[in-house]
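Me: I would like to learn how to read the features of a structure one at a time. Can we go through one together, starting with the ligand?

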Amino acid sequence: MSEKSQLQIARAAYQPKLPKALKGAVRTVEGKATQSVGNQEDIKALFPNTYGMPVVEFAEGGKAERKSFNVGIILSGGQAPGGHNVISGLYDGVKALDPANKLYGFLMGPGGLVDHKYVEFNDKLIDEYRNTGGFDIIGSGRTKLEEVEQFEKGREILDKLGIKALVIIGGDDSNTNACVLAEYYAAKKYGIQVIGCPKTIDGDLKNDQIETSFGFDTATKTYSELIGNIERDCNSARKYWHFIKLMGRSASHIALECALQTQPNVCLISEEIEAKSQSLDDIVDYIASIVATRAQKGDNFGTVLIPEGLIEFIPAIKKLISELNDTLATDEAKSIARENQIEYVKAHLSAVNLATFNSLPEDVASQLALDRDPHGNVQVSLIETEKLLSRMVERRLKTMKAEGKYVGKFSAQHHFFGYEGRCAAPSNFDADYCYSLGYNASRLIAAGKTGYMSVIKNTTAPAAEWIAGGVPITMMMNLERRNGKMKPVIRKALVELDGAPFRYFASKREKWALGTEYVYPGSIQYWGPSEVCDQPTATIKLEHGK
Ligand code: FBP
């Protein structure tokens, strides 16, 4: 057992808040039949056993009954603060239904289910990890659960351990796979339920039914603390432009939330760049013009926030990536040795995409062509967009200087904030939200649900007023092209340009660009006045009109 910090010791005693409906025996209130957000006929045909089920909510006043079952849990994909609290909430929930119930954790992600690697939780193990960041209690992984052989291997161990339900904690891809597994087990009448849980710091697993994915709150507060510290340094030294790339594979929710918290001079929003069909040169012009205007006042310093997924949203590069995805998904491409892949790619790209490919700096081009995650996605976190942009801005400023349009000095610092935020000790919001999601999952299992996601709503109200229930995963699905094939997937939530968070940001950004209006959020507080330690994100507050 490793030594503990004073914060860990004090934090272990924190009792996460639960919605009042979950505090005693629950009553299940079922809504109307649902349909998927798109491609209804196709999704219905693919999920005949789990399509159309109602949204459910839990209310107070149920009959207390002993419910006996064992449960398995899997952490899937990138770490997000609060994962341990989902597990402790689920553990407490299943034990409250019957102390003899067992909870098993499959090790290192979905692979643990297939390889039969697991641990049984007990009080001692769970107590070690309450309210801590990280996924290290059982580890996580990115193995995709999508083959019948894997489902059957999983069933073997689930049957052996007498597990009636499996909870999969993951992002949009993992929850899509959870739904496919739920459908398969239901079609085979194996009597094994599958429940999903919305996780990802990226904040892109949200919709009319899911208010936020867990981890977004803590991760953005952690990054905002760091950005605020940099802004203060920047405003003290007055000699650097800080280019800060922020994690978030695809959507720009993290960058937008951090901008709302810290009021930087520039924050790029990928979704806007795509909507305006901007090129890399347009983005460089935009930043360079702000640098030049600030320089006129003698302000040769500033902060620029860059979303990790930016490169994929620049229309010309997006087209290139899409063709690369299809090209690299074939068996022939997979058999090509890594050192020959760039040549292979070049020989297969269309003329227009080849021109874009050739126009990129060599390191960026090879990252696009070579590095993929197991879902076949470009690993955008490896692309150093912050350096690419500052190099290009510097070059542009030189030209502007030669033309007499720029009079300042430009010196850049680069940062990437990503992994720093994924395992931070969960904020009170994430600690409460995650514990509630896990506890709630036990009630969905007890209610016999499968193919549902555990959902907690009304999250800008105090936790006691939160609404607990479940949403059929098929309801969030549509068909999208992935690796060259149309597949049922949960629709990813991108930043909405007509949504309140973006509109607020857009109304302020010019003022923030030219003035120096930094806000310093400081570190996450776990104890103290509620307005300091229980605040949800600015994004969720604006979305809820608060
Ligand atoms: P999930 O969607 O699985 O939660 O992961 C999100 C994320 O943290 C992204 O923000 C980032 O691009 C990616 O994971 C990094 O992945 P890895 O941990 O494999 O480096």
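Reply: This is a predicted model. Start with the term polar contact: a pair of N or O atoms within 3.5 Å. Here an oxygen atom of the ligand is 2.9 Å from an N or O atom in the side chain of R142.

Me: How many residues surround the ligand, and which are the closest?

Reply: There are 13 residues around the ligand, and the closest are G78, R142, D202, Y419 and R422. By class, this shell has 6 charged, 4 polar and 3 nonpolar residues.

Me: Next, the strands. What is the general idea of a sheet?

Reply: Strands of a sheet pair through backbone hydrogen bonds, in either a parallel or an antiparallel sense. Take strand β6 (residues 163–170) as the case: 6 bridges join β6 to β7, and the two run parallel.

Me: Which other strand pairs with β6?

Reply: Strand β3 (residues 70–75) pairs with β6 in the parallel sense, over 6 bridges. N70 has I163 in β6 as its bridge partner.

Me: Are β6 and β7 mostly covered or mostly open?

Reply: Both are mostly covered. In β7 (residues 193–198), 6 of 6 residues are buried, and in β6 the count is 7 of 8. The cover on β7 holds for both faces: Q193, I195 and C197 are buried on one side, and V194, G196 and P198 on the other.

Me: How do I read the edges of a sheet, and which strands stand there in the sheet with β9 and β11?

Reply: Read the strand order and look at its ends. That sheet is open and has 4 strands in the order β9-β10-β8-β11, with parallel pairing. β9 (266–267) and β11 (412–417) stand at the edges; each has a single partner strand, so one side of each lacks a neighbour in the sheet. The partner of β9 is strand β10 (residues 302–307), paired in the parallel sense over 2 bridges. In this pair C267 stands opposite L305.

Me: Now single residues. Is E183 buried or exposed?

Reply: The cut-offs needed are these: buried means under 20% relative accessible area, exposed means over 50%, and partly exposed is in between. E183, which is in helix α7, counts as buried because its relative accessibility is 7%. The C-alpha atoms of E183 and Y51 are separated by 8.9 Å, although the two residues are 132 residues apart along the chain.

Me: Why does E128 count as partly exposed?

Reply: E128 has 25% relative accessibility, so it counts as partly exposed. E128 is placed in helix α5 (residues 123–129). The E128 side chain makes a polar contact with the side chain of K4, at 3.1 Å. H84 is 44 residues from E128 in sequence, with 9.8 Å between their C-alpha atoms.

Me: Last, backbone angles. What should I look for in phi?

Reply: Most residues other than glycine have a negative phi. Two residues here have a positive one. M108, not a glycine, has phi near 55°, and Q263, also not a glycine, has phi of about 55°.

Me: Where do M108 and Q263 lie, and is each buried or exposed?

Reply: M108 lies in the loop between β4 (103–106) and α4 (110–114). With a relative accessible area of 53%, M108 is exposed. Q263 lies in the loop between α9 (253–262) and β9. Q263 is buried, as its relative accessible area is 16%.

Key: Residues numbered from 1 in each chain as written. Predicted model: local features only at pLDDT ≥ 70, side-chain atom pairs only at ≥ 80, totals over all residues. Heavy atoms only, no water. Near = heavy atom within 4 Å. Polar contact = N/O pair within 3.5 Å; in protein donor to acceptor, adjacent residues only side chain to side chain. Nonpolar A, V, L, I, M, F, W, Y, C, P; charged D, E, K, R; others polar. Buried < 20%, exposed > 50% of the residue type's maximum accessible area, 1.4 Å probe, protein only. Pairing = 2+ DSSP bridges.
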